[in-house]
Amino acid sequence: MRVASGACVLAGRIGLVAVPVAVLLTACGAPEPPTRSRPAATPAAVSTTDPVPLTTPAPPPASPAVRAAADPEACRNADCEVEVRQGDRLRLDAATGLDALTVAALDQGVVRLRFEGSSGGYRVEGMNVGVSQDCVNGRCRTRGALTLTMDRPARIGDIHLRLTSVRPDEAVLAISPS
């Protein structure tokens with residue numbers, strides 16, 4: 001590319017420091033300095049100023065192992081990981097010893113569970129445990145409640161309960177048999 005000589009004088013007077021002298025001399029018609037043989041050029045680096053995409057990628061889908069508590073069979077066998085909200089009720093198979101678990105409260109990382117069962121003599125471990133039992137004609141009904149946090153799991157009979165995540169209005173409850 002050739003630039004008129006008047007532009008070269010003007011560029012020199014303005015004092016464009018950012019433009020390399022070799023470019024000005026080449027553009028103004030001065031002889032090119034001799035060049036040495038150089039190794040083959042490497043490909044140019046990828047520009048880091050590429051525009052940012054306007055759309056954000058969709059979040060990854062929930063793990064297939066985590067099921068919604070609305071699914072009546074989600075935890076029937078007491079071996080599941082399930083998303084729960086306050087008021088959710090999980091029905092369990094009678095063989096587990098428990099009939100149901102209900103999320104009584106969910107607040108600030110603390111989940112309060114109520115449980116019901118038809119077999120007596122549960123060993124219950126956890127925080128804020130309360131258990132009552134009524135027996136009529138040899139048939140006993142057990143009701144109770146306990147509190148779970150991320151760092152304090154619980155146990156009802158042979159069923160272990162722990163939280164794997166807690167958000168303001170929902171939690172993921174992992175239930176597993178011993």
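Strand β2 (residues 80-84) and strand β11 (residues 171-177) run antiparallel to each other, paired over 5 bridges. Strands here are DSSP runs of E with at least two residues, helices are runs of H or I with at least four residues, and both are numbered from the N terminus. Two strands pair if DSSP finds at least two bridges between them. Within this pairing, Glu 83 has Val 172 of β11 as its bridge partner.

Before going further, a word on the model. The model is predicted, so local features need pLDDT of at least 70 and side-chain atom pairs count only at pLDDT 80 or more, while totals for chains, interfaces and linings use all residues. Residues are numbered from 1 along each chain as its sequence is written, and side-chain values use heavy atoms, with hydrogens and water left out.

Now the wider view. The protein has 2 helices and 11 strands, and along the sequence they read α-α-β-β-β-β-β-β-β-β-β-β-β. Of its 178 residues, 26% count as buried; buried means under 20% relative accessible area, exposed means over 50%, and partly exposed is in between (1.4 Å probe, protein chains only). Take contacts, meaning heavy atoms within 4.5 Å, between residues at least 6 apart in sequence: 38% of them join residues at least 24 apart.

Back to β2, and its two faces. In a regular strand the side chains alternate between the two faces of the sheet. Here Cys 80, Val 82 and Val 84 make up the covered face of β2, and Glu 81 and Glu 83 the uncovered one.

Cys 80 forms a disulfide with Cys 75, the sulfur atoms 1.7 Å apart; a disulfide is a pair of cysteine sulfur atoms within 2.5 Å. The torsion about their S-S bond is about 95°, so this disulfide is right-handed. Cys 75 sits in the loop between β1 (66-68) and β2. Both Cys 75 and Cys 80 are buried, and for Cys 75 the relative accessible area is 2%. Leaving out neighbours within four places in sequence, Cys 75 is in contact with Cys 80, Val 82, Leu 90, Arg 91, Leu 92 and Ile 175. Cys 75 and Ile 175 are 100 residues apart in sequence, yet their C-alpha atoms are 7.8 Å apart.

That loop between β1 and β2 also holds Ala 78. Ala 78 has a positive phi, near 60°, although it is a residue other than glycine. Ala 78 counts as buried because its relative accessibility is 1%. Gln 108 is another non-glycine residue with a positive phi, about 50°. Gln 108 lies in the loop between β4 (100-107) and β5 (110-117), and at a relative accessible area of 73% Gln 108 is exposed.

The whole structure contains 2 disulfides. Besides the Cys 75 and Cys 80 link, there is one that joins Cys 135 to Cys 140, S to S 2.0 Å. The Cys 135 and Cys 140 link is right-handed, with 105° about the S-S bond. Cys 135 is partly exposed at 46% relative accessible area, and Cys 140 is partly exposed at 24%.

Now for the charges. Side chains of opposite charge can pair when their charged atoms come close. The structure holds 8 salt bridges, each a side-chain nitrogen of Lys or Arg within 4 Å of a carboxyl oxygen of Asp or Glu. On the uncovered face of β2, Glu 83 meets Arg 167 in a salt bridge (3.6 Å, N to O). Glu 83 lies in strand β2 and Arg 167 in the loop between β10 (159-166) and β11, so the pair ties together parts that are 84 residues apart in sequence. Arg 85 forms a salt bridge with Asp 169 at 2.9 Å, N to O. Arg 85 also forms one with Glu 170, at 3.0 Å, N to O. Through shared partners, salt bridges join Glu 83, Arg 85, Arg 167, Asp 169 and Glu 170 into one network.
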